[in-house]
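Me: I would like to learn how to read a protein model, feature by feature. Can we work through one together?

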Amino acid sequence: LYALNEKISSTYTNYKPNNIKQSITMINEDIGLINLEGKANLNGVVKNLGRTLIDKLDIEKISFIMDADDNFDAMKDSLNDRIESLKKYVSEARYNYFILPQNDGSLGMAEDLIMDGLYKKELINVIKEEVYPKLSEYEKIKNPSKTSNASFMIENAKKLINLEDEVFKNLKKFISDIVD
């Protein structure tokens, strides 16, 4: 996701995914990122974010990018509830969200979107048909899309993922609207 916008990716090179935590990490003077480290942390992170931002008057936009997983509507309702709670702290900001993979009611997660955007589409079949079955014998991996390492994918994104693929069009526009 970081590689989909030039303004973010040009300043993000100093960060590794593990450096972005549940508090605001400023990657440039205008953009701060928070990694929820899982949807189970959404409530706590939003409460802390509200407390952190209560004295900040220059916050223009607060946006969420979350996985739909197996229930798009539940994620949508959860995000709308979190946005309402944040408005108590930062009422003037514009709020929005994008629910992965396509913000259109489809189920899935970021990893599914990435798999759809790989240069080598045949890798998907190898992972699903060969790697995943072997790994699942030893590890409790529920989804073949989770078999890739996030740090590896981010560091090699431009070589592995066709960032110009149509599957990223809506997400790229969403991110561009946030940072521009």
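Reply: We will go from the overall fold to helix faces, cores and salt bridges. Keep in mind that this is a predicted model.

Me: Start with the fold. How many helices and strands does the chain have?

Reply: Eight helices and four strands. In sequence order the pattern runs α-β-β-α-β-α-β-α-α-α-α-α. Of the 180 residues, 34% are buried. Among contacts with a separation of 6 or more, 59% join residues 24 or more positions apart.

Me: How do I read the faces of a helix?

Reply: Begin with the general idea. An α-helix has 3.6 residues a turn, so residues three or four places apart point the same way. Now take helix 2, residues 42-53. Its buried residues are Leu 42, Val 45, Val 46, Leu 49, Gly 50 and Leu 53. They cover an arc of only 140 degrees around the axis, so they sit on the same side of helix 2.

Me: Which exposed residues does the face turned away from the buried side of helix 2 carry?

Reply: Lys 47 and Arg 51. As for the buried residues of helix 2, their cover includes strand 3 (61-67) and helix 3.

Me: Which residues of helix 8 are buried?

Reply: Leu 171, Phe 174, Ile 175 and Val 179, in a helix that covers residues 169-179. Down the axis of helix 8, these buried residues fall within an arc of 120 degrees, so they line one face. The face turned away from them carries the exposed residues Lys 169 and Lys 173.

Me: How should I think about a core?

Reply: In soluble globular proteins, nonpolar side chains tend to be buried together. Here the largest nonpolar core has 22 residues. The members that touch the most others are Leu 4, Ile 8, Ile 31, Leu 100, Ile 161, Leu 171 and Ile 175. Strand 4 (94-100), helix 4 (110-116), helix 5 (122-138) and helix 8 each give two or more residues to this core. A second, separate core has 20 residues, including Phe 64, Met 66, Leu 86 and Val 90.

Me: What does Leu 4 contact, leaving aside neighbours within four places in sequence?

Reply: Leu 163, Phe 168, Leu 171, Lys 172 and Ile 175.

Me: Now charges. How many salt bridges are found in the whole structure?

Reply: Side chains of opposite charge can pair when their charged atoms come close. A search of this structure finds four salt bridges. One of them joins Lys 39 and Asp 69 at 3.2 Å, N to O. Lys 39 is in the loop between strand 2 (32-33) and helix 2, and Asp 69 is in the loop between strand 3 and helix 3, so the pair ties together parts 30 residues apart in sequence. Lys 39 is partly exposed, at 46% relative accessibility. Asp 69 is also partly exposed, at 26%.

Me: Where do Lys 173 and Asp 177 lie?

Reply: Both are in helix 8, four residues apart, so about one helical turn separates them. Lys 173 counts as exposed at 52%, while Asp 177 is partly exposed at 41%.

Me: Is Met 75 buried or exposed?

Reply: Buried, with a relative accessible area of 7%; the cut-off for buried is under 20%. Met 75 lies in helix 3 (residues 72-87). Beyond four places in sequence, Met 75 touches Lys 39, Met 66, Asp 67 and Ile 99.

How values were computed:
Residues numbered from 1 in each chain as written. Predicted model: local features only at pLDDT ≥ 70, side-chain atom pairs only at ≥ 80, totals over all residues. Heavy atoms only, no water. Buried < 20%, exposed > 50% of the residue type's maximum accessible area, 1.4 Å probe, protein only. Arc of directions from axis to C-beta. Core = buried A, V, L, I, M, F, W, Y, C linked by side-chain atoms within 4.5 Å. Contact = heavy atoms within 4.5 Å. Expected span 1.5 Å × (residues − 1). Salt bridge = Lys/Arg side-chain N within 4 Å of Asp/Glu carboxyl O.
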